Amino acid sequence: MESQVRGGTRWKRFAVVMVPSVAAAACVGVGLAQGALAASFSVSGQQFKVSASHLHGEGFAQYGGIDSVYTSPTGEKKTKVPVAISSFDTATITKMCQSVATPIPGLGTIYLRLEAGNNPDKPVTAKNLYIDVAQLDADAEFKDIDIGVAVKDKSRGPDVKQGESVLPGGFAQQAKSADLTGVEQTAWATTAGTFKLSGLSMKLGTDKKMECF
């Protein structure tokens, strides 16, 4: 569902999966493989989950890309996967949770859970934030949104990073600002110029309930 709200565009509870390829790329949505191409570093063979009660971003852009990802945590082989590269000039995130599950021979699956920004007065903050997203669910509102702009001609959000595997004339969207609530996201990688985690808490365990969702 789409409606005009104070000069913005709102979608109620949308889901996003990016499917870019050599020939085409498409994107709708926002986010949070560690990739040699998109993320500019070798990608682990594990996705991670991120949830947040609210994300507010200024200077938003999203476009398709391809990451080079190890096929497993053992790191023998790599494959290419499509990602939605969500980028923000600045972002504030409240009640952020990040979790990753790692299978370890002889021990089973170990879960790492990180929480930050639980105090509304001290949210997580980031500058020049890039998120390589595999899947996203959230309620979203965009202000001054452009849908269908070419990647190379986008004028909002941080610059496309050198070395990212994207189509210069491919599909992108951009907005002056973006607000997401009830975020549940699966991602391959996050990179940022600065990333401040207020009230950071990190735990390890074997209970699957440690996952963010």
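Buried here means under 20% relative accessible area, exposed over 50%, and partly exposed in between, with a 1.4 Å probe and protein chains only. Keep that in mind as you tour this predicted model, where local features need pLDDT of at least 70, side-chain atom pairs count only at pLDDT 80 or more, and totals for chains, interfaces and linings use all residues. Residues are numbered from 1 along each chain as its sequence is written, and side-chain values use heavy atoms, leaving out hydrogens and water.

Select Cys-97, which is buried at a relative accessible area of 5%. Strands are DSSP runs of at least two residues, numbered from the N terminus. Check the torsion about the S-S bond too: it is about -85°, so the disulfide is left-handed. The structure holds one disulfide.

**Second stop: the nonpolar cores.** A nonpolar core is a set of buried Ala, Val, Leu, Ile, Met, Phe, Trp, Tyr and Cys residues joined through side-chain atoms within 4.5 Å. Select Phe-88, Phe-142 and Leu-180, which touch the most other members of the largest one, a set of 29 residues. Next, colour the strands that each supply at least two of its residues: E3 (48-70), E4 (78-94), E5 (96-104), E6 (108-116), E7 (124-150) and E8 (171-191). Which strand gives the most to this core? E7 does, with 10 residues.

Methods:
Helix = DSSP H or I, 4+ residues; strand = E, 2+ residues; numbered from the N terminus. Disulfide = S-S within 2.5 Å.
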